[in-house]
Amino acid sequence: MGFFDKLFGGKSKDENTAKFTNQSKTVLTPLQGKVLAQTFAQGILGPGCGIEPTGDTVYAPFDGTVTQIATTLHAVGITSNDGIELLIHVGMDTVDMKGQGFTVLVKENQKVTAGTPLLKVDLDAIRAAGHPTATAIIVTDGAGDEVKMLAEGDVAPGTPLFKV
């Protein structure tokens, strides 16, 4: 995936997760938090949305394959079985943390189902490093695609977030 190569270059214990039910062309909320109205970098990377996380686990938002894990562990690329390429980028400028505060729970090329834990994130470590925790959920192959938002406000993992 050329896009991911270029991009990556070199707390609640009881998250009350919703039931993850895979739906065609639907991205489920990958982490507990509050949906942000604006998209990551005003949509420069593609359509999507942001989430201000309150939970510490990032889950697979659909059935698919893990296509890329940033060497700095702050982001994961995943492709759905129905062709959605998605980037989940935890925090802003968290590449500077060089993996501190992030634990990867999957491997590249691993098949996952909706709800599979992908990453554990230490939100306090991100804040202590001086970085915002806002997480971008971006459709990276979305040339011309529109995203129809399905959720707003506080969301649990597994809630339908948007449809492509």
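Predicted model: local features only at pLDDT ≥ 70, side-chain atom pairs only at ≥ 80, totals over all residues.
I take contact to mean heavy atoms within 4.5 Å. Leaving aside neighbours within four places in sequence, I find Val121 in contact with Asp56, Val58, Val90, Gly101, Phe102 and Ile126.

**Entry: overall picture**

I started again from the whole chain. The protein chain has 164 residues, and buried residues make up 51% of them. I count two helices and 14 strands in its secondary structure. The accessible surface comes to about 7500 Å². Carbon and sulfur atoms account for 50% of that surface.

Next I checked confidence. The chain averages a pLDDT of 86, and 79% of the residues score at least 70. Residues 9-17 are where I hold back: pLDDT is below 50 there. Beyond near neighbours in sequence, that stretch still has 23 contacts in the model.

**Entry: the sheet**

In what order do the strands of the open sheet run? I read β9-β5-β6-β7-β11-β3-β2-β13, eight strands with antiparallel pairing. The edge strands are β9 (111-112) and β13 (154-155), and each pairs on one side only.

I then looked at the β9 end. β5 and β9 run antiparallel and are joined by two bridges. Thr65 has Lys111 of β9 as its bridge partner.

**Entry: the cores**

Nonpolar side chains tend to be buried together in soluble globular proteins. I looked for such groups here. The largest nonpolar core has 31 residues. Which residues have the most contacts inside it? They are Val58, Leu86, Leu118, Val121, Ile137, Leu161 and Phe162.

β10 gives the largest share, three residues.

There is also a second, separate core of five residues. Among its members I list Ala75, Leu87, Ala136 and Ile138.

**Entry: Asp63**

Asp63 sits in the loop between β4 (57-59) and β5. Is Asp63 buried, exposed or partly exposed? Its relative accessibility is 22%, so Asp63 counts as partly exposed. The cut-off for buried is under 20%.

I followed the side chain. It reaches the backbone nitrogen of Ala114 at 2.7 Å. I also took the distance from Asp63 to Thr21. The two are 42 residues apart in sequence, yet 9.3 Å apart in space, C-alpha to C-alpha.

**Entry: positive phi**

I looked for positive phi in residues other than glycine, and noted Leu73 and Lys98.

Where is Leu73 found? It is in the loop between β5 and β6.

Lys98 lies in the loop between β7 and β8 (102-104). Its phi is about 50 degrees. Lys98 is exposed because its relative accessible area is 69%, and the cut-off for exposed is over 50%.

Notes
Residues numbered from 1 in each chain as written. Heavy atoms only, no water. Core = buried A, V, L, I, M, F, W, Y, C linked by side-chain atoms within 4.5 Å. Buried < 20%, exposed > 50% of the residue type's maximum accessible area, 1.4 Å probe, protein only. Helix = DSSP H or I, 4+ residues; strand = E, 2+ residues; numbered from the N terminus. Polar contact = N/O pair within 3.5 Å; in protein donor to acceptor, adjacent residues only side chain to side chain. Pairing = 2+ DSSP bridges. pLDDT = per-residue confidence, 0-100. Areas by Shrake-Rupley, 256 points an atom, 1.4 Å probe, with all protein chains shown as cover.
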